[in-house]
Amino acid sequence: MSKVIAVEKIDDWLDTLNETHRIFAPFKPGGATRFEGYQRGKELDLERFAVSSPKEAFFPATETIFNFKLGKENVSETVVSLESQVKNQNQIVFGARCCDAKGLATFDTVFSGSGYQDPYFKKKRNTTLLITIACHQPANTCFCTSVGGGPADPKGADILLTSLDDKYLAQTFSTKAKTLLAGSFFTDATQKDLKEAKDKNEAARQKLKTFSVERVSQKLTKIFESEYWNEKAAKCLSCGACTYTCPTCYCFNLTDEGKSTGERVRTWDSCMFPQFTLEASGHNPRPKKDHRLRNRVNHKFSYFPTQHRMLSCVGCGRCIRHCPVSVDIREIVRGVQEV
Amino acid sequence: MAGKPIEMRNKKTKEQLENLKTQVEETLSQVDFVIGYAKGYDVLHPTPLFVRSTKDAQALIWDDFCINNLATYLPSQKRPGGLFHPHEKIGLVVKGCDSRAVIQLLQEGIIDRENFKIIGISCQGKVDVKKLKNRVPIERVENAEIKEGSIELTVDSRGQKYPLEEVLYSKCLSCEYPTPLIYDRLVGGEGSLRSKGPKEFAQDPYHDVEEFEKKGVNERLDFWEQEFSRCLRCYACRDICPFCYCQFECIAQTRIPHWLSQKTASKENKFFHMFRAMHLAGRCTECGECERACPVDLPLLLLHKKMNKKVSELFGYKSGINPKLRPPLIIFQPEEKNIEEEKWE
Amino acid sequence: MTEFSTLMEKGKEATNPYLPEVAVIQKIVDETSDIKTFRLVIKNREKLKKFSFTSGQVGQVSLFGVGESTFAISSSPKTKDFLEFSVMRAGENSSALHELSVGDAVGVRAPFGNGFPVKEMEGKNILVIGGGIGIAPLRSLIFYLLGEREKYKNVKIIYGARTPNDLCFRRDLRAWKRRDDIECILAVDNKFPGWEGKVGFVPAILAEEAPAPADTVAVTCGPPIMIKFVLDELKKLGFKKEHIVTTLERRMKCGVGLCGRCNVGPKYVCVDGPVFTLAQLEELPNEI
């Protein structure tokens with residue numbers, strides 16, 4: 001189904017959607033554009049690339065896994081409960097980019113794929129719709145086309161919006177999204193609209209420099225012990241900025257907070273932190289930052305593809321942009337092929 | 001006199017670069033590698049460069065965007081799990097503000113003076129990319145040049161121009177140390193805008209703290225609560241700071257002692273930044289890297305400057321100036337000059 | 001809560017693999033100065049009776065309010081009345097566990113991982129090589145082998161520790177030594193007053209014993225350095241890589257291959273391991 005909506009009607013449309021859904025959209029409250037809860041009057045920002053991906057809508061930075069209460073007198077009273085029940089609320093993620101939507105495929109594969117199932121993720125995923133916006137102005141850190149994606153790639157989106165100057169073309173890719181386009185804000189799209197969108201999307205694609213990652217996976221295995229990693233990780237600070245802003249990074253920590261009454265919480269964790277793999281004995285399989293950087297790149301371009309036949313990098317470039325020392329994964333991956 | 005130093009900027013910067021390359025090449029005979037700046041993924045983002053040979057040195061750059069405080073790599077020398085081998089000698093390119101960090105690390109005994117060589121370079125201020133971000137889509141900047149007191153950007157094939165004073169780092173506008181305070185070699189220059197530029201450039205370094213202090217307590221509390229709700233706890237601020245060398249044992253992430261919950265609500269985030277500010281009080285040399293590194297634009301420098309202002313008032317101490325001094329919160333005096341502990345009447 | 005099924009109930013089909021079962025400590029045995037065996041009984045006896053696992057599989061024991069850690073299940077898979085975990089005091093969780101008493105409550109999530117390939121091992125000689133706390137999953141294996149004795153040919157155990165006081169499961173060791181259907185060789189690192197058994201590090205004892213590789217599967221578990229030398233020795237003795245089995249240790253959190261932490265290359269120790277053959281290990285990056 002293809003419809004169009006005037007640009008000035010977007011806020012009204014969101015208001016209507018807000019009555020039945022919790023909306024995550026890119027806002028710019030204090031300088032940094034981030035996905036946050038929708039509120040009329042908050043400065044919606046559909047132009048700038050959000051600092052972090054909307055993975056928080058499915059995979060919050062903090063989540064209670066269960067509550068516990070130790071039985072004081074009678075130990076058989078010790079109770080594990082899910083007081084903070086996995087909430088069932090319809091959600092819409094609005095204004096994500098195609099790379100963000102594609103990043104969800106990694107989460108789907110891990111948390112609701114063929115292995116163990118994560119109910120917390122699944123519940124949110126099943127009740128969330130994704131409305132993405134095609135990019136017409138890729139950033140100089142974007143490389144979606146090099147990793148099998150594109151600025152208007154509809155994969156993972158329920159509705160894809162394409163800007164046509166004073167209006168948006170809205171195309172649905174799932175049956176459940178069709179109802180969202182039923183309102184009076186929308187009129188049918190014409191052939192002209194469709195062509196204009198196609199041309200604009202193609203023009204955006206042409207702006208991107210594409211490089212090949214075909215031989216990367218094999219090469220990574222070959223150069224595992226190489227000094228290459230020492231060189232590339234020299235400037236890395238071992239912080240978590242790259243992983244936390246990444247749309248496909250899903251590593252997490254589980255910690256107990258509270259003493260005799262409390263909760264086990266899941267929080268984001270980063271494979272770049274030195275403590276990530278630190279064992280109680282003091283042994284650490286990845287004690288140095290070159291080991292950790294090597295693991296991160298290998299995971300995205302070798303290990304994950306080996307297990308799941310898809311890359312775990314969508315080319316959004318946030319890791320490059322937010323790295324305080326500008327570690328550039330494109331440079332690393334291209335360099336791997338030349339070692 | 002006002003316009004002149006800025007007009008000369010570009011030429012001087014190019015001359016400095018040639019001199020810098022020479023100094024770095026000569027230093028290579030005394031150290032295992034030198035850390036400088038190289039071109040990054042775009043003109044606005046230089047990246048640290050590890051120079052091990054004359055060939056590597058050709059990639060060095062020096063321009064109005066070379067902001068990284070390279071002193072942050074110094075504590076790695078002694079740290080396990082750091083990249084450098086303990087016996088390696090390091091060379092470092094430092095600006096005035098960076099040199100304060102080097103001095104502070106010497107005060108704290110974290111680095112040994114004989115293990116590194118400093119190539120100091122005089123600086124006339126750097127452009128704050130975050131200030132540009134508020135004006136243009138920096139992710140599509142094609143070119144950036146300083147010309148006659150302005151920065152000229154090319155974005156989406158269109159030109160944009162801004163006066164330099166609007167886009168330089170605030171710390172540069174009130175810079176007191178344009179020439180490094182410690183060095184083995186110096187790539188000189190005339191110094192900062194502060195002494196020679198227009199009067200309005202010479203702002204009080206704690207000007208922003210004083211403005212903020214004028215707000216009421218509740219307003220300030222609301223501000224910080226709002227700001228910290230964005231914190232991701234990525235620890236980029238901590239990991240780029242030269243003085244957070246306890247990175248691997250930081251109490252933000254330990255369980256023994258378990259001071260901080262891993263939950264990322266504003267309350268917990270605020271606690272993290274509070275205790276980091278306390279740990280840095282009187283030690284932070286106000287390089288502002290924490291604020292630059294933050295992906296969600298938290299105004300961290302304001303917090304750390306406030307603590308430093310307080311330390312300055314109480315102890316008359318300023319960090320990173322004299323290697324022979326010790327930060328007041330690390331040493332103990334039975335009697336403090338400005339703190340009245342006991343009243344005998 | 002009841003809408004979710006746990007690992008213990010449904011294994012891979014669990015709808016919420018993060019939820020622990022509440023268990024009570026029924027018995028604590030002081031094995032050595034820093035190792036204790038905890039006998040746990042799941043509060044819900046029905047679940048425990050229906051629960052089954054393979055030797056080599058591990059579980060996570062939760063100290064509510066403290067955290068969760070992974071330990072090998074050291075009891076026999078045939079026992080339906082309790083689960084035993086043998087814990088060396090090392091970090092925050094194990095230390096807190098060591099402070100607990102009989103009657104205290106903990107959480108249990110089990111089983112994780114793949115267990116020893118006991119079916120593939122049938123009809124072969126089995127060589128079990130352990131060091132220190134590494135004997136914990138091997139104890140479970142030995143109980144299993146003894147319970148299915150006719151399915152296996154010769155069974156030989158080589159087990160060493162720093163001193164006689166550091167030997168774990170002494171009651172079981174004595175029982176095994178008394179049997180004539182298994183050979184049990186014990187060793188300590190250095191001479192010790194009163195010790196009549198062998199003296200030397202486990203890899204050296206292995207070299208001395210020089211067991212024939214023909215038709216034999218070697219299973220080893222112990223400190224990383226011991227494993228390294230034992231693997232080298234077994235290769236020297238001519239054991240086939242597919243017939244050398246070991247278990248890996250890693251910091252674990254979720255235990256179900258979701259948190260991304262315990263990988264060695266593309267394999268997760270909690271799901272694809274912790275048991276690996278040497279052939280499998282050699283295909284993985286060198287990141288032990």
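**View 1. Strands β7 and β11 of chain C pair in the parallel sense.** Strand β7 covers residues 125-131 of chain C, and strand β11 covers residues 216-221 of that chain. The two strands are joined over 6 bridges. Asn125(C) faces Thr216(C), a residue of β11(C). This is a predicted model, as are the views that follow.

**View 2. An open sheet of 7 strands in chain C.** The strands follow the order β10-β9-β8-β7-β11-β12-β15, and their pairing is mixed. Which strands stand at the edges? They are β10 (198-199) and β15 (275-277) of chain C. Each has a single partner strand, so one side of each lacks a neighbour in the sheet.

**View 3. The contact between chain C and chain A.** Chain C contributes 44 residues, and chain A contributes 44 residues. Which elements of chain C give two or more residues to its side of this contact? They are β1 (21-30), β4 (67-72) and β6 (105-112) of chain C. By class, the chain C side has 21 nonpolar, 13 polar and 10 charged residues.

**View 4. An open sheet of 8 strands in chain A.** The order is β3-β2-β6-β7-β8-β9-β1-β10, with mixed pairing. At the edges stand β3 (34-37) and β10 (186-188) of chain A. Each of these edge strands has a single partner, so one side of each is left without a neighbour in the sheet. From one strand to the next, the twist averages 25°.

**View 5. Strands β6 and β7 of chain A run parallel.** Strand β6 takes in residues 91-96 of chain A, and strand β7 takes in residues 128-133 of chain A. The pair is joined by 5 bridges. Opposite Gln91(A) stands Thr128(A), in β7(A).

**View 6. The contact between chain B and chain A.** Here 34 residues of chain B meet 42 residues of chain A. On the chain B side, the elements that give two or more residues are β2 (47-51), α11 (236-240) and α13 of chain B. How does the chain B side divide by class, with what numbers of nonpolar, polar and charged residues? The residues divide into 15 nonpolar, 10 polar and 9 charged.

**View 7. The two assigned domains of chain B.** Domain 1 is made of 7-126 + 175-193, while domain 2 covers 204-329. A distance of 25 Å separates their centres, taken over C-alpha atoms. In the contact between them, domain 1 of chain B gives 20 residues and domain 2 of chain B gives 19 residues. The domain 1 side has 11 nonpolar, 5 polar and 4 charged residues.

**View 8. Helices α10 and α12 of chain B cross at roughly 100°.** Helix α10 spans residues 217-228 of chain B, and helix α12 spans residues 266-280 of chain B. Their axes come within 8 Å. The two helices are therefore roughly perpendicular to each other. Trp224(B), Glu225(B) and Phe228(B) of α10(B) meet Ser266(B), Asn269(B), Lys270(B) and His273(B) of α12(B). The residues of this contact divide into 2 nonpolar, 3 polar and 2 charged.

**View 9. Confidence along chain B.** The mean pLDDT of chain B is 88, and 89% of its residues reach 70 or more. Where in chain B is confidence lowest, and where is it highest? Confidence is lowest in helix α1 (residues 4-7) of chain B, at a mean of 45, and highest in helix α13 (residues 289-293) of chain B, at 97. Residues 1-7 of chain B stay under 50, with 10 contacts in the model beyond four places in sequence. Residues 192-201 of chain B are also below 50, and this stretch has 20 contacts beyond near neighbours in sequence. Where pLDDT is low, the predicted coordinates should not be read in detail.

Note on methods: Residues are numbered from 1 along each chain as its sequence is written. Chains are lettered from A and ligands numbered from 1 in the order in which they are written. This is a predicted model: local features need pLDDT of at least 70, side-chain atom pairs count only at pLDDT 80 or more; totals for chains, interfaces and linings use all residues. Two residues are in contact if their C-beta atoms, placed from the backbone, lie within 7 Å. Helices (H or I, at least four residues) and strands (E, at least two) are DSSP runs, numbered from the N terminus. Ala, Val, Leu, Ile, Met, Phe, Trp, Tyr, Cys and Pro count as nonpolar, Asp, Glu, Lys and Arg as charged, and the others, Gly among them, as polar. Two strands pair if DSSP finds at least two bridges between them. pLDDT is the predictor's confidence in each residue, from 0 to 100. Domain bounds come from an automatic or database domain assignment. Axes are lines fitted to C-alpha atoms, for helices over the stretch in contact, and angles run from 0 to 180 degrees between N-to-C directions. Angles under 35 degrees count as roughly parallel, over 145 as roughly antiparallel, 65 to 115 as roughly perpendicular and the rest as oblique.
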